[in-house]
Structures are given as structure tokens and as C-alpha cells.
Amino acid sequence: MKSNQTLPGVILVIIGIYFLSQQFDFTLPYSDILLKWPTILLLVGLVLSWQGFSNRDEHKMFSGVILLGFGALFHGIHTFQYWTYQWPYFTLIISFAFFLKYFVNKRDGATPGLVLFVISIIALFFTSITGWINSIHSGLDSFWPIILILIGIYLLVFRKK
């Protein structure tokens with residue numbers, strides 16, 4: 001079987017199974033969860049990721065990982081009540097796609113993946129990070145004159161040219 005016919009073939013088989021199960025009035029377990037629109041993203045993302053990794057095609061792998069991640073995110077949002085639409089999740093999925101692109105071809109993707117990952121982590125844990133910084137800042141309030149004196153002594157004594 002040629003690799004360029006795999007994706008349309010798998011999609012047609014899945015669509016055919018879905019419509020055949022509806023004709024015979026066959027209900028799947030968990031069909032209220034599985035037969036939603038994010039499933040399309042999951043399945044197409046899974047097939048594209050599989051093709052991308054097996055053929056070492058970074059473009060299919062990149063778009064497949066993004067579709068797979070978005071499908072999982074939207075399934076989680078629609079299935080679990082405590083998941084929310086927060087923008088850092090989207091950038092986190094895209095950063096994972098960039099990292100996987102880098103691991104496939106060892107050329108591109110590490111820098112944008114790292115930048116998006118750091119932005120996502122900072123945005124997800126912003127309240128914890130600001131609380132940590134405030135606790136450090138409140139501890140340094142009483143020590144900042146001593147720190148300035150020590151830096152001044154270092155510059156006067158040890159940094160002579």
C-alpha cells in the first residue's frame with residue numbers, strides 16, 4: 001500500500017464504520033463521549049502523527065501532533081467539567097509539536113518550542129510564581145542596603161584594573 005493513500009483510506013474506513021453502525025442501530029459504549037467533533041481532530045491527528053513518525057516527515061508529524069493535542073484538549077474540556085479554555089494550553093501543545101519536530105530532524109524547532117514552553121509555564125503558574133517572587137522580595141527588603149554595600153566593596157577592592 002502506498003503511503004500517500006493511507007490517510008484517505010483510513011479516514012474513509014472510519015467514516016464507513018460509523019455510518020454502517022448507525023444503519024444497523026449499533027451503539028458504541030461511551031458513544032456520547034466518542035462521537036463528538038473533537039474525535040475527528042484526534043483521529044486525523046493520530047493518523048498524521050503516525051505517518052509523520054514512520055516516514056520521518058516533519059510536516060505531517062508537526063500538524064498531526066497539533067491536531068492530536070487540540071483534539072485531546074477539546075475532548076477534555078467537553079468531557080471533564082474542571083478543564084477550561086486557557087490560552088497557555090494551546091501554546092503548550094504547539095511547543096510540544098515544535099520539540100517533536102526538532103527531535104525528528106535535529107534542525108528546526110528547539111528555540112520556538114522552548115520559548116513557547118516557557119511562556120506557557122509562566123502563564124499557567126503565574127499566581128504561584130508571583131507569590132514566590134513576592135516572598136523573595138519581602139525577604140530582601142531588609143537586606144538590600146547590605147547587598148548594595150557588599151557590591152560597592154567588591155567594585156572598590158576586587159575590581160581594580
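**Pocket, helix and aromatic rings**

Helix H1 contributes seven residues to the lining of the largest pocket, the largest share of that lining. In this predicted model, the largest pocket has a volume of about 440 Å³, and of the 17 residues that line it, the closest to its centre are Ile14, Tyr18, Leu35, Thr39 and Leu43. H1, which spans residues 6-23, and H3 each supply at least two residues of the lining, whose residues divide into 14 nonpolar, two polar and one charged.

After H5 comes Lys106, with a positive phi near 55 degrees.

The aromatic side chains complete the picture. The count comes to ten aromatic pairs, among them Phe70 and Phe74, a tilted pair at 6.3 Å centre to centre with 45 degrees between the planes. Both residues lie in helix H4, four residues apart, or about one turn of the helix, and both are buried. The rings of Phe74 and Tyr85 have their centres 6.0 Å apart and their planes at 50 degrees, so this pair is tilted; it links distant parts of the chain, with Phe74 in H4 and Tyr85 eleven residues away in the loop between H4 and H5. Phe74 counts as buried because its relative accessibility is 13%, under the 20% cut-off. Together, Phe70, Phe74, Tyr85 and Phe90 form one aromatic cluster.

Technical notes:
Residues numbered from 1 in each chain as written. Predicted model: local features only at pLDDT ≥ 70, side-chain atom pairs only at ≥ 80, totals over all residues. Heavy atoms only, no water. 1 Å grid on protein atoms, 1.4 Å probe; cavity = no way out; pocket = protein on both sides within 12 Å on 5 of 7 lines; lining within 4 Å. Points joined across faces, edges and corners; volume = space filled by probe spheres on them. Nonpolar A, V, L, I, M, F, W, Y, C, P; charged D, E, K, R; others polar. Phe/Tyr/Trp six-rings, centres within 6.5 Å; stacked < 30°, edge-to-face > 60°. Buried < 20%, exposed > 50% of the residue type's maximum accessible area, 1.4 Å probe, protein only.
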